[in-house]
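Reader: Hi! I have a model open on my screen and would like to talk it through with you. Can we start at the end of the chain and work from there?

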Amino acid sequence: MNIITYPKPEEWAELLRRPTKEAGELTAAVSAILQRVREGGDEAVIAFEKQFDRAELDTLAVTQTELDEAEQAVSPELKAALTLAHENIAKFHAAQRFESKPVEVRPGVTCWQKAVPIEKVGLYIPGGTAPLFSTVLMLATPARIAGCREIVLCTPPDARGKVHPAVLCAARIAGVNRIFKAGGVQAIGAMAYGTETVPKVYKIFGPGNQYVTAAKQLVSLHDVAIDMPAGPSEVEVLADETACPAFVAADLLSQAEHGVDSQVLLVTTSRTLVDAVQAEVERQLAALPRKDIAARALENSRIIVVRDRDEALALTNSYAPEHLIIETEDYRRLAEGVVNAGSVFLGPYTPESAGDYASGTNHTLPTNGYATAYSGVNLDSYHRKITFQELTPEGIRAIGPAVEIMAANERLDGHKNAMTVRLNSLKN
C-alpha cells in the first residue's frame, strides 16, 4: 500500500481519487451493448452470455426444477446462515415502515402522504469471481416487505449455464418472483427495456463493476429508475494508536479481495500503527485464497497519516467512503462528526463483514464519493410517496387570496382563476 504522510488539504482530492476508466471509453462500449439488447431482445442477451460468460443458453429463465435442485445442493449450515441473515435484515428494514400523519396546515387545509410500493423492481446480482448470494437477501428482503408485486432477479450463469445454488436458495428465502440467467450490461438492458422473456421493470437495484454502473446510469436517463450509482466496492478504516493491527489489516483485506478495482484506505494518526498494519497485511494476505486479487487492489490503495483526529475526520468526510470502520479510542465521539459515508462500523468488534452479511443493515451502498448525496438501499427505496391534500370551504378562504396573489404575480391567470371561481362561489 502507498503511504502518504501529513498531506496538505489541497492535495486531498488527488489522493482520494478512485481508480476508474475513462468515461468516453465506458460509455461507447456500454451503449453498443444496450442498443443490441433493445433491438434484439432474448437473442441478443443469449449471444452476450456466450461472449462474456461462455454460457450456451437455450433460455434465460431459471426453472422450478433448477430452484429445487439448488436448495438440495446448499448445505444445512449455509441455509441456516442465510435464514438467520434474512431474519435480521427483515427485522431492521421492517422497522423503517413509513407512518403517514395528516397535517392541518391551516384550518380546513389538510395534507398527507401515502407510501406506495413500486410494482415491478429488478435486482442485479453480480457473479464474476464470487457468488454474491448475500446481495440477494439485501435487495429482495426489503422489496418483499415493501410490497413490490413483481421482483425480478438477473444474475450471470457459469460456463455450464448454471446459477450458483446459494444465489437461488437465497432468492427463494427472500421471496423473488422470477430469476433470469443474464449478467453485466446485457442484464441491465433486459430489465430496462424488457425482452420476450425478461419483463421490463420500473426500477433497477444492485451493485456491479464500472460497466454495470455505467449501464444503470445510461438507462436511467430515459427508460427506468435506479437505486444509486454503485460501482467497485471500497472501505476506509479510521484508526488511532489503540487499534489492533491484526483487526485493521483484516478489515482492509476483506474489502480488497472483492475485486482488482476495489479500493481500501487507512487513515490514521499513528505512524507506529502503519508499520504494524503493513506487517499484518503481508502475513494475512499470504493465507488468502484470493490473494492475487487482493494484492492488485492494494496497488490502488493508500495509507494516509494525518496530524490529529479533526484532520482525520475532515479527510474522511471529503472521501465519503462506501464503508467506514472507526477503530479509535473515542469512536463514538468521532462517529458524531461523520456526515458523508454509506455505512459506518463502530469499535474494534464491528467488522464490515458483519454488515455485509448478517447484522441487518443493507450492504448495497453508494460508492465513488456518491455518499455525499445518496443513501444506501433501504425500505424507502422501494416506495413512492404520493401526496394528498383536501380543502374545505374554510380552507379555500384561508389560503385562496394568497394563491390568487402568487399566481397573478407569476402571470399564470389560469391558476388564479381556478381559485377565484371557488372563492366567488362561496360569496354567492
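**Talking through the model**

Author: Happy to. This is a predicted model. In it, the axes of helix 16 (residues 393–409) and helix 17 (residues 413–427) come within 9 Å and cross at roughly 145 degrees.

Reader: Which residues make the contact of helix 16 and helix 17?

Author: From helix 16 they are Pro393, Ile396, Arg397, Gly400, Pro401, Val403, Glu404, Ala407 and Ala408. Helix 17 brings His415, Lys416, Met419, Thr420, Arg422, Leu423 and Leu426.

Reader: And how many of those are nonpolar, polar or charged?

Author: In the contact of helix 16 with helix 17, nine residues are nonpolar, three are polar and four are charged.

Reader: Is that crossing left-handed or right-handed?

Author: Helix 16 and helix 17 cross in a left-handed way.

Reader: What share of the contacts joins residues 24 or more positions apart?

Author: Taking the contacts with a separation of 6 or more, 75% are between residues 24 or more positions apart.

Reader: Good to know. On to helix 5: what can you tell me about its span?

Author: Helix 5 covers residues 76–94, which is 19 residues. From its first C-alpha to its last, helix 5 reaches 26 Å, close to the 27 Å expected at 1.5 Å a residue.

Reader: Which of its residues are buried?

Author: In helix 5 the buried ones are Leu82, Ala85, His86, Ile89 and His93. Seen down the axis of helix 5, they fall within an arc of 105 degrees, so the buried residues line one face of the helix.

Reader: What do they pack against? And what is exposed on the other side?

Author: The buried residues of helix 5 pack against helix 6, helix 7 (165–174) and helix 15 (352–357). On the other side of helix 5, Pro76, Glu77 and Lys91 are exposed.

Reader: You mentioned helix 6. Why call it largely enclosed?

Author: Helix 6 is largely enclosed by the rest of the structure because 12 of its 14 residues are buried. Among them are Phe133, Val136, Leu137, Met138, Leu139 and Pro142.

Reader: How does its span compare with what it should be?

Author: The 14 residues of helix 6 (residues 133–146) should span 20 Å at 1.5 Å a residue, and its end C-alpha atoms are 20 Å apart, which agrees. Just after helix 6 comes Gly147, with a positive phi of about 100 degrees.

Reader: What about helix 8, how many of its residues are buried?

Author: In helix 8 (residues 184–193), 10 of its 10 residues are buried, so to speak mostly covered. The buried residues include Gln186, Ile188, Met191 and Tyr193. Helix 8 is followed by Gly194, whose phi is positive, near 80 degrees.

Reader: Which residues other than glycine take a positive phi?

Author: Tyr6 is one of them, with phi near 50 degrees. Tyr6 sits in the loop between strand 1 (2–5) and helix 1 (12–15), and Tyr6 is partly exposed, with a relative accessible area of 39%. Asn368 is another, with phi near 55 degrees. Asn368 belongs to the loop between helix 15 and strand 14 (383–391) and is partly exposed at 38% relative accessibility.

Reader: Changing topic to strands. Is Leu153 buried or exposed?

Author: Leu153 counts as buried, at 0% relative accessibility. Leu153 is in strand 5 (residues 150–155).

Reader: Which residues does it touch?

Author: Not counting residues up to four places away in sequence, Leu153 touches Leu123, Ile125, Val136, Ala171, Val176, Arg178, Ile179 and Phe180. Leu153 and Ile125 are 28 residues apart along the chain, with their C-alpha atoms separated by 7.3 Å.

Reader: Last one: where is Lys120, and what is it in contact with?

Author: Lys120 lies in strand 4 (residues 120–124) and is partly exposed, with a relative accessible area of 21%. Leaving aside neighbours within four places in sequence, Lys120 is in contact with Arg149, Glu150, Lys200, Val201, Tyr202 and Lys203.

Technical notes
Residues numbered from 1 in each chain as written. Predicted model: local features only at pLDDT ≥ 70, side-chain atom pairs only at ≥ 80, totals over all residues. Heavy atoms only, no water. Axes fitted to C-alpha atoms, helices over the stretch in contact; angles between N-to-C directions. Helix = DSSP H or I, 4+ residues; strand = E, 2+ residues; numbered from the N terminus. Left-handed = near helix turned anticlockwise from the far one by under 90°. Contact = heavy atoms within 4.5 Å. Nonpolar A, V, L, I, M, F, W, Y, C, P; charged D, E, K, R; others polar. Expected span 1.5 Å × (residues − 1). Buried < 20%, exposed > 50% of the residue type's maximum accessible area, 1.4 Å probe, protein only. Arc of directions from axis to C-beta.
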